[in-house]
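User: Hi! I'm new to this structure, could you walk me through it?

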Amino acid sequence: MRIFRNLLIATALLAPGVAAGQDAGVDLSTVTVRDAAGERAVLADLVAGPTILHFWATWCAPCLEELPQLDAFAEGLEPGELVVVSVDTAGYERIVRYLDDLGVALDSYQQVEGNVGSVLGILGYPSTVVVDQTGAAIWRQQGSVDWADADIAEEIGALIAQ
């Protein structure tokens, strides 16, 4: 019975898409990222309004397929509506090389302090979380998002337009 209960809990945690408003109180100020120039920023400071936060890694096989789709999706976004963060611990050069090899023009930050997995309850990568202007998670998907899906684009577009 205990194994069954644990499986149910794990399934619930891994289920894609979370209803709006479930994760109030997320503290993005505990995560520091850096950009290609080496400039550091607190993740909370990058959220000025509803924002799509996308987390990935160079060692993540699904990320390889998803990043080009995300890149195409990002073309329709305003600056600041999407923040892409690599959780790689290797040098930033590896991130740049990986994105270049994929032909992806996304600018990616790199997590350097704190842990987005702990802060946002992420169990694997890629993961996408939409946060409102207060940093509360209002939508999430653990695993790849089909960025070319019109329904997904409409749903996420409506969330960041709030």
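Analyst: Happy to; we'll take a helix pair, then the pockets, then a peptide bond.
Analyst: This is a predicted model, where local features need pLDDT of at least 70 and side-chain atom pairs count only at pLDDT 80 or more, while totals for chains, interfaces and linings use all residues. Residues are numbered from 1 along each chain as its sequence is written, and side-chain values use heavy atoms, with hydrogens and water left out.

User: At what angle do the axes of α2 and α3 cross?
Analyst: Roughly 60 degrees, and the axes of α2 (residues 61–74) and α3 (residues 92–102) come within 10 Å. Axes are lines fitted to C-alpha atoms, for helices over the stretch in contact, with angles from 0 to 180 degrees between N-to-C directions. Helices (H or I, at least four residues) and strands (E, at least two) are DSSP runs numbered from the N terminus. The angle makes α2 oblique to α3 (under 35 degrees is roughly parallel, over 145 roughly antiparallel, 65 to 115 roughly perpendicular, the rest oblique).

User: Which residues meet there?
Analyst: C63, L64 and L67 in α2 meet Y98, L99 and L102 in α3, with contact meaning heavy atoms within 4.5 Å.

User: Now, what volume does the largest pocket have?
Analyst: About 210 Å³, counted as the space filled by probe spheres set on grid points joined across faces, edges and corners. A pocket, on a 1 Å grid over the protein atoms alone with a 1.4 Å probe, is an open set of points with protein on both sides within 12 Å along at least five of seven lines; lining residues have an atom within 4 Å of a point.

User: Which strand gives the most to the lining of the largest pocket?
Analyst: That's β4 (residues 82–86), with three residues. The lining also includes A74, L77 and Y109.

User: And how much space lies in the second largest pocket?
Analyst: About 160 Å³. Its lining takes the most from α3, with four residues, and among the lining residues are Y92, V96, L99 and D100.

User: Last topic: which peptide bond is cis?
Analyst: The one from Y125 to P126, with omega near 0 degrees. P126 sits in the loop between α4 (116–120) and β6 (127–131).
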